[in-house]
Amino acid sequence: MRILIIPAFFRTKSRPTLGSFFWEQALALQKAGHQVTILYCDTYSVKCIGEYLTYAEEAHQQVKGVAIWRKKMFCPFKHGIEGHREVFAKGIEQLYSKYSANGEKTDVIHAHCCVWAGFAAMKLSEQTGIPYVITEHATLFQLHADQIRAANERIIAQAFQRAAKVICVSKAFAGLIAKYRAAEEIEIIGNLVDCDLFRPAQHQKNTNIRFLTICYMQTEDQLYKKGIDVLLKAWKTIADEQPTARLAIGGGGQAVAKAKEWCYAYGISDSVEWLGTLERSQVVSQMQQCDCFVLPSRYETFGVVYIEAMACGKPVIATANGGPDDFVDTSNGILIPPDDMESLIAAFRQYLRERELYHAEIIRASVTRRFHAPAIAAQLERIYQSLQ
């Protein structure tokens, strides 16, 4: 099939992991034998004029068999979620004109995130008659639904209702957008993990128990979302009870300094290791070296980092926040309520008591059968074929 993907945001030279789930899904479809093309429009407002003027992305390139078409658009009045809607859609329309100029055909349009890739897909579908699918991942509907203006609510509802299919990455998240599209009409397909990259490694057991956390920490809001405050408060108790245990935290951002302040205040600096920004290969290595992955997020639409750790055979401590609920069970980890320090302390203690009960091959199998590239590609193929 000939699949056209429109992501709401996408990787750049300076941020190569941005929108990695869109990219990995595109690669999975390409490896499954489909012709995959990505159209993406970078929009810049006045406050980002410097980035606009120094924009250095390739207008058209072929990467690992996937064609990428992109362009920049200046949007002087861009503000909030609504400011770039029309400009983004116009840019996608212009890219499609270039892409299709040589007679290129498309069977299905797949938009990632309704705001505003889904809107652009709807407008393109109206012009071309090509059916479109929306996969929704955006935390907008989880964290900021009350900030969506009435005019945007109508447009969002229109895009969801006119889509041939709507996909969500978790059952809980499907419930959040049920006001736009009946829940029974929403397909559930989780995010993809590269099980060829994230895999168990043979190594000696750690002398000391090593827990691992990885997340972005660019702002204090992100620290709150990922529950780093709860993690470090709970870790104080565990560090006192288990002086040889270690907590490694990976991820860069300006808010790391604030998290380090908390460590100092709690007197746990000696038992916490800060790994800084990690390349993809380093994330794999850290997950292979840890004993247990822990991330007490208050909010997750899915939580791909958990299944990456599980693909490496590691048990996880996660929160029942809407994402991990779909895939964490007693065979592969411990699920606790969000924003609950006492439950996190109890989960740490439970893991320390029962860690020999977890088996890497069972944990990994729970991921490969549902989230490995071929499994995700097959689920998407079924949806695409139903539109023909």
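This is a predicted model: local features need pLDDT of at least 70, side-chain atom pairs count only at pLDDT 80 or more; totals for chains, interfaces and linings use all residues.
Biologist: Thanks! Which residue takes a positive phi just after α4?

Modeller: That is G129, with a phi of about 80 degrees.

Biologist: How do I read the packing of two helices? At what angle do α4 and α6 pack?

Modeller: Each axis is a line fitted to C-alpha atoms, for helices over the stretch in contact, and the angle between N-to-C directions runs from 0 to 180 degrees. Here α4 and helix α6 (residues 150-162) pack at about 60 degrees, with their axes 9 Å apart. That makes α4 oblique to α6 (under 35 degrees is roughly parallel, over 145 roughly antiparallel, 65 to 115 roughly perpendicular, and the rest oblique). The crossing of α4 past α6 is left-handed, meaning that the near helix is turned anticlockwise from the far one by less than a right angle; clockwise would be right-handed.

Biologist: Which residues of α4 and α6 meet there?

Modeller: Contact means heavy atoms within 4.5 Å. From α4 come C114, V115, W116, G118, F119, M122 and E126, and they meet N152, I155, I156, Q158, A159, F160 and R162 of α6. By class, this contact has nine nonpolar, three polar and two charged residues (Ala, Val, Leu, Ile, Met, Phe, Trp, Tyr, Cys and Pro count as nonpolar, Asp, Glu, Lys and Arg as charged, and the others, Gly among them, as polar).

Biologist: Now the sheets. In what order do the strands of the eight-stranded sheet stand?

Modeller: Strands of a sheet pair through backbone hydrogen bonds, either parallel or antiparallel. Two strands pair if DSSP finds at least two bridges between them. The eight strands form an open sheet in the order β3-β4-β2-β1-β5-β6-β7-β8, with mixed pairing. β3 and β8 (186-188) stand at the edges with a single partner strand each, so one side of each has no neighbour in the sheet. From one strand to the next, the twist averages 25 degrees.

Biologist: Which strands run antiparallel to β4, and which run parallel?

Modeller: β3 (residues 60-63) runs antiparallel to β4 and is joined to β4 by four bridges; there, Q61 has I68 as its bridge partner. Two residues lie between the strands of this hairpin, where K64 takes a positive phi near 50 degrees. By contrast, β2 (residues 35-44) runs parallel to β4 (residues 66-74), and eight bridges join them. C41 stands opposite K71 of β4.

Biologist: Where does α4 touch this sheet?

Modeller: First look at β5 (residues 108-112) and β6 (residues 132-136), a parallel pair joined by four bridges, with A111 opposite I134 of β6. α4 packs on the sheet, touching β1 (2-7), β5 and β6, and its direction makes about 160 degrees with that of β5.

Biologist: What is the strand order in the six-stranded sheet?

Modeller: That open sheet reads β11-β10-β9-β12-β13-β14, with parallel pairing. Its edge strands, β11 (272-276) and β14 (333-336), each pair on one side only. Ignoring direction, neighbouring strands are turned by 25 degrees against each other on average.

Biologist: Is β10 mostly covered or mostly open, and what pairs with β10?

Modeller: Mostly covered: four of its five residues are buried. Five bridges join β10 to β9, in parallel, and T213 stands opposite I249 of β10. Four bridges join β10 (residues 246-250) to β11, also in parallel; A248 has E273 as its bridge partner.

Biologist: Which strands does helix α9 lie across?

Modeller: α9 (residues 228-241) lies across β9 (210-214), β10, β11 and β12 (292-295), at about 165 degrees to β10. Helix α13 (residues 341-354) also packs on the sheet, touching β9, β12, β13 (316-319) and β14, and its direction makes about 165 degrees with that of β14.

Key
Residues are numbered from 1 along each chain as its sequence is written. Side-chain values use heavy atoms; hydrogens and water are left out. Buried means under 20% relative accessible area, exposed over 50%, partly exposed in between (1.4 Å probe, protein chains only).
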